[in-house]
Amino acid sequence: MLGQPDGKAHSLGSLGHVAECMLNGAGIEDARAVGVEVDTCLGVVAGELEWDGQDGPDPVVQHGGSVVRPQRFCGEVPDVHHHPFPGALEARPVAILVLQFVKQAGPRATARHGGRCPVAEQCNAAQDFAPWTGKVLCRESRQFVQEVLHVLGVQEEILYFLDDEAVRSWLFQGMSPLLLAGTEEPGLLAATTGGHRQLLYLDFRLHPLNLRPRRYVWQCMGMARIEDYAVVGDLHTGALVSTSGSIDWLCLPRFDSPACFNALLDTPEAGRWLLAPAAGGTCTRRSYREGTLVLETVWETPEGTVRVIDFMPPRDEVADIVRIVEGVSGSVRMHSELALRFDYGHIVPWVRKDEHGIHAIAGPDAVYFVTGAPVRGENMHTVSDFTVDEGQKVPFVLTWAPSHVQRPMTVDAEEVLSTTTAFWRGWTSQCTVTGKYRDAVVRSLVTLKALTYAPTGGIVAAVTTSLPEQLGGPRNWDYRYCWLRDATMTLQALLAAGYTAEAADWRDWLLRAVAGDPADLQIMYGIHGERRLPEMELPWLAGYEGSSPVRIGNGAAEQLQLDVWGEVLDCLSLTRNSLLKHTDEAWDVQVALMQHLETIWDQPDNGLWEMRGPRRHFTHSKVMAWVAADRMVKGVRESGLPGPAERWEALRDTIHQDVMANGFDAGRNTFTQSYGRPELDASLLLIPRVGFLPPDDPRVVGTIDAILSELTEDGFVLRYRPAESDDGLPGDEGVFLACSFWMVEALLGAGRRSEATQLFERLLGLRNDVGLLSEEWAVRAGRQLGNTPQAFSHFGLVTSALELHQDTVRRSDTPIPPETENVA
């Protein structure tokens with residue numbers, strides 16, 4: 001029973017019913033409607049009330065004449081970011097162990113303290129949990145966790161949320177401690193359903209811990225979803241702006257520089273710039289100005305309506321972030337809070353105020369903050385509270401410059417708003433796309449332009465690092481570099497949309513980056529073509545929703561991935577067929593790359609997906625080696641370039657025979673991820689795209705059907721199944737959005753346009769409110785995962801849309817022709 005100051009006693013079942021209401025998508029009023037004493041339950045969760053150590057009766061509540069027994073905790077996890085009980089996590093958290101696993105067989109079973117599963121014989125899950133009664137989880141409880149797993153026969157990774165390290169993972173897979181706090185009996189409540197991911201809870205009766213509430217409450221309740229972010233940028237770097245008006249991520253002066261706003265990967269104390277109504281809350285709506293990267297965010301409040309315009313003018317000598325507060329109606333109280341934390345949140349700058357505004361300096365970095373609004377220092381933050389009236393505009397300008405140079409002139413906010421809008425609209429006016437999906441294509445092209453580092457033409461994979469592929473897991477990587485695997489799709493997309501200058505810049509960046517010994521070819525480079533990208537962890541950052549470690553640099557740059565030779569030669573073949581009409585001055589580089597590939601193509605490698613497990617003979621890697629030989633043969637035969645065409649033709653045939661003999665499962669009529677193993681891989685969808693086989697070949701169609709059957713969730717395509725593929729990492733991941741776009745192209749090539757269109761339009765529905773895609777999608781949680789905005793996803797969107805417009809697919813070395821007005 002639960003003791004209360006007023007002497008009333010309440011069963012833990014009431015708390016369990018609150019949790020069940022949440023699991024069923026209900027809110028606080030729904031819980032009250034069935035007679036649950038919500039306030040009491042919330043008090044227990046918050047640690048304000050104490051459990052007196054006694055068990056209550058079987059919790060039964062009357063609801064519409066029906067008896068409700070809150071015994072089951074199965075079903076979809078609700079959206080904890082819009083939690084109906086926001087106050088419940090503001091005090092001491094509940095001590096709960098959470099195990100997550102996949103049970104492949106057996107009906108639902110419920111095992112309770114001191115007894116055995118009532119249907120143990122049916123599900124082969126007989127357990128006796130008495131040995132663990134009363135144990136309290138703590139920092140030394142890892143052995144206990146392993147004991148539980150051993151009894152359960154569970155091998156999958158687990159997460160538990162109690163000690164200083166693990167509490168940061170509360171939101172793993174969207175879970176919240178409130179959902180787990182209370183069953184009708186002490187001990188274990190487990191639920192398993194064949195073939196579905198389930199949650200297993202051990203409830204240790206609301207044992208309060210003395211943790212640091214502010215940090216962990218933010219991790220649980222305050223972090224924006226990945227899809228809540230929009231990007232603004234200046235073609236040197238990019239900032240992420242949330243729906244609450246907070247810039248939570250910004251690296252200065254370049255994409256790959258240390259961040260000065262790091263709240264994305266920790267808490268506001270790690271650095272951010274909030275500018276929003278003083279009442280707080282999510283914006284009412286937001287959008288980019290048409291054809292631009294100028295973001296407009298609107299809040300409609302009881303006091304009135306206000307708009308915040310965020311943008312970064314294209315870079316000159318220094319970097320500027322401009323934010324203009326505009327009163328639309330009424331009189332709205334506003335709040336700005338600036339916390340600069342350089343070197344990924346590690347360094348608090350020295351800040352002083354002068355006649356010009358705020359000047360912050362830390363080592364090589366200087367920031368100047370200018371506004372007409374009143375500002376003050378408060379607890380290592382620069383704070384501004386002001387009121388904006390209808391028709392009034394209050395600009396804020398933050399300028400970065402090297403600390404050793406003279407203070408730069410502050411830009412005029414309205415003037416640079418005009419020039420920035422004109423710049424972007426001038427750029428988008430060059431787009432030749434005219435079909436049904438033009439708006440989506442233009443937004444993706446603007447995003448890709450925003451990911452371009454203007455001085456070199458390099459295109460980064462994303463502006464972020466360490467946004468997780470699995471919430472709470474370790475699959476967190478730095479994507480602020482340029483991948484060669486993106487090369488051909490990048491060029492196809494840019495050329496087809498009319499952006500030949502950007503395509504030429506990308507080709508030039510590529511040639512500079514790969515120059516040197518062909519044996520030293522890497523899968524990725526820095527934005528200037530840097531080769532050394534050492535990977536390290538930042539332990540002072542908790543990670544997005546507790547997903548640690550936070551990494552900078554990328555160790556995969558040192559991997560052997562044979563497909564990259566094919567990607568480079570495919571890309572250069574495409575430019576030879578489109579940009580270069582008479583000669584190919586890079587042919588000597590291509591010959592050198594091919595000669596080296598001839599000596600290594602038959603070696604095992606790490607594969608396209610940068611697996612950190614043992615090297616294997618990946619089918620995709622061998623197919624791309626075939627691509628390399630094929631493109632070199634075409635360079636000689638069709639373009640008249642010098643080279644041993646007969647030798648390369650023989651090699652091309654040898655590789656093709658090798659793939660068909662070892663990478664194709666004739667019994668299942670599908671290609672497989674690697675030689676001698678049955679697993680599937682989404683990269684197999686690229687076989688027709690690169691021309692290895694025709695798109696309507698029965699073996700290609702069989703692979704499409706196998707992937708649709710075995711490698712999808714809710715119709716979206718996984719890269720592979722980590723549990724089966726030995727990729728060297730624990731945990732799982734979401735569906736990979738680029739792979740689903742590959743499926744669109746594969747279906748279209750196979751003559752299945754209706755399926756292709758349906759999938760493409762479902763993928764469009766995964767974009768956020770301003771048209772951005774991250775790397776992955778969590779099907780069950782219904783949210784974006786991975787680094788954002790993701791170039792690979794947006795390239796796939798552009799090429800898929802253009803091919804749907806023209807109702808045809810093109811090989812990767814063939815330009816997609818510009819569109820005409822009569823496209824689909």
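Predicted model: local features only at pLDDT ≥ 70, side-chain atom pairs only at ≥ 80, totals over all residues.
## Helix H9

Helix H9 runs over residues 413-428 and holds 16 residues. From first C-alpha to last, H9 reaches 23 Å, close to the 22 Å expected at 1.5 Å a residue. At the start of H9, the backbone nitrogen of Glu414 lies within 3.3 Å of a side-chain oxygen of Asp412.

The buried residues of H9 are Ala413, Val416, Leu417, Thr420, Thr421, Trp424, Trp427 and Thr428. Seen down the axis of H9, these buried residues fall within an arc of 135°, so they line one face of the helix.

## Nonpolar cores

In soluble globular proteins, nonpolar side chains tend to be buried together. Here the largest nonpolar core has 206 residues, and the members that touch the most others are Trp273, Val325 and Phe692. Leaving aside neighbours within four places in sequence, Phe692 is in contact with Val623, Trp626, His656, Val659, Met660, Phe671 and Ile687. Another core, of nine residues, lies apart from the largest one; among its members are Ile309, Val322, Ile324 and Val397.

## Ser621

Ser621 is part of helix H15, which spans residues 619-637. Ser621 counts as buried because its relative accessibility is 0%, with the cut-off for buried being under 20%.

The side chain of Ser621 makes a polar contact of 2.7 Å with the side chain of Asp605. Not counting residues up to four places away in sequence, Ser621 touches Leu562, Asp563, Asp605 and Gly607.

Technical notes. Residues numbered from 1 in each chain as written. Heavy atoms only, no water. Helix = DSSP H or I, 4+ residues; strand = E, 2+ residues; numbered from the N terminus. Expected span 1.5 Å × (residues − 1). Buried < 20%, exposed > 50% of the residue type's maximum accessible area, 1.4 Å probe, protein only. Arc of directions from axis to C-beta. Polar contact = N/O pair within 3.5 Å; in protein donor to acceptor, adjacent residues only side chain to side chain. Core = buried A, V, L, I, M, F, W, Y, C linked by side-chain atoms within 4.5 Å. Contact = heavy atoms within 4.5 Å.
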